[in-house]
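Thanks for coming. I have one structure to go through today, so please look at the screen.

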Amino acid sequence: MFISSCAATDVAGEVIKVGPRVTNYKTGDKVVAMLNHPTGGGLAEYAVAKDNLIVLRPPEVSAAEGESLPVAGLAALQAVTESAGVKLDGTGRHVNLLITAASGGVGQYAVQLAKLGNTHVTATCGAHNLDLVKSLGADEVLDYKTPDGVALNCPSGSKSDVVIHCAMDIPWSTFEPNLSTNGKVIDMTPGPSVTDLGCATHDTRAFLVYALEKLTFSKKQLVPMLMIPKKENLSG
């Protein structure tokens, strides 16, 4: 399927041509799609997308708005509903949720989705984005450069049941004392500083600390996030 596009892996545009076995889309359809990560291609004038990750774009959603949705929106949805266990109809258990880098792409979606559930959301961001993140629904917002922001101390004094970690360069030793007894950190950006381990490569450290916690039977967990895109989530 060929569609006009404007991003690396997230695209929105108009269907120009469909393959012989594509029956649910036609030329002229306005769509949003997610392209294959290894190959991308969305920066070109035209892109080839598989029909299992394409959805029709509602008329009230602009192409620019639709194009910003797939990767960030799907990652936030999976983190909030599957990893954090938040029920978006508000019927689930109460969760104290901390979201780092909440003014970023994933963070903005995560704040809004989390507030649909039974949650208390504390968020971190830069000073110039405090009002933005508050407007998205966060109950407490911390400037990440202040002492409390660096230490991830919730103003209410509550411990976090779940952290959706969208930032970089925060060590596990900062998260651990701020977690509830069975608290966990969902690491959206596995990187070198989150685990305090000095010998692992950039891509494996979060997985090593996860394994270490399992071996030591720690109730507090770091869970590397592996986003699995699903068409039904994109269309929802």
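Take contacts in the protein chain, meaning heavy atoms within 4.5 Å. Among those between residues at least 6 apart in sequence, 56% join residues at least 24 apart. Before going on: this is a predicted model, where local features need pLDDT of at least 70, side-chain atom pairs count only at pLDDT 80 or more, and totals for chains, interfaces and linings use all residues. Residues are numbered from 1 along each chain as its sequence is written, and side-chain values use heavy atoms, with hydrogens and water left out.

The protein chain has eight helices and eleven strands. Those are DSSP runs numbered from the N terminus: H or I of at least four residues for helices, E of at least two for strands.

Now the sheet. Six strands make an open, parallel sheet, ordered E8-E7-E6-E9-E10-E11; two strands pair if DSSP finds at least two bridges between them. At the edges are E8 (140-143) and E11 (221-224), each pairing on one side only. From one strand to the next, the twist averages 20 degrees. Angles run from 0 to 180 degrees between N-to-C directions, with axes fitted to C-alpha atoms, for helices over the stretch in contact.

Within that sheet, E6 (residues 95-100) and E9 (residues 160-165) are joined in the parallel sense by four bridges. Leu98 is opposite Val163 in E9. Helix H3 (residues 105-114) packs on the sheet and touches E6, E7 (119-125) and E9. The direction of H3 makes about 165 degrees with that of E6.
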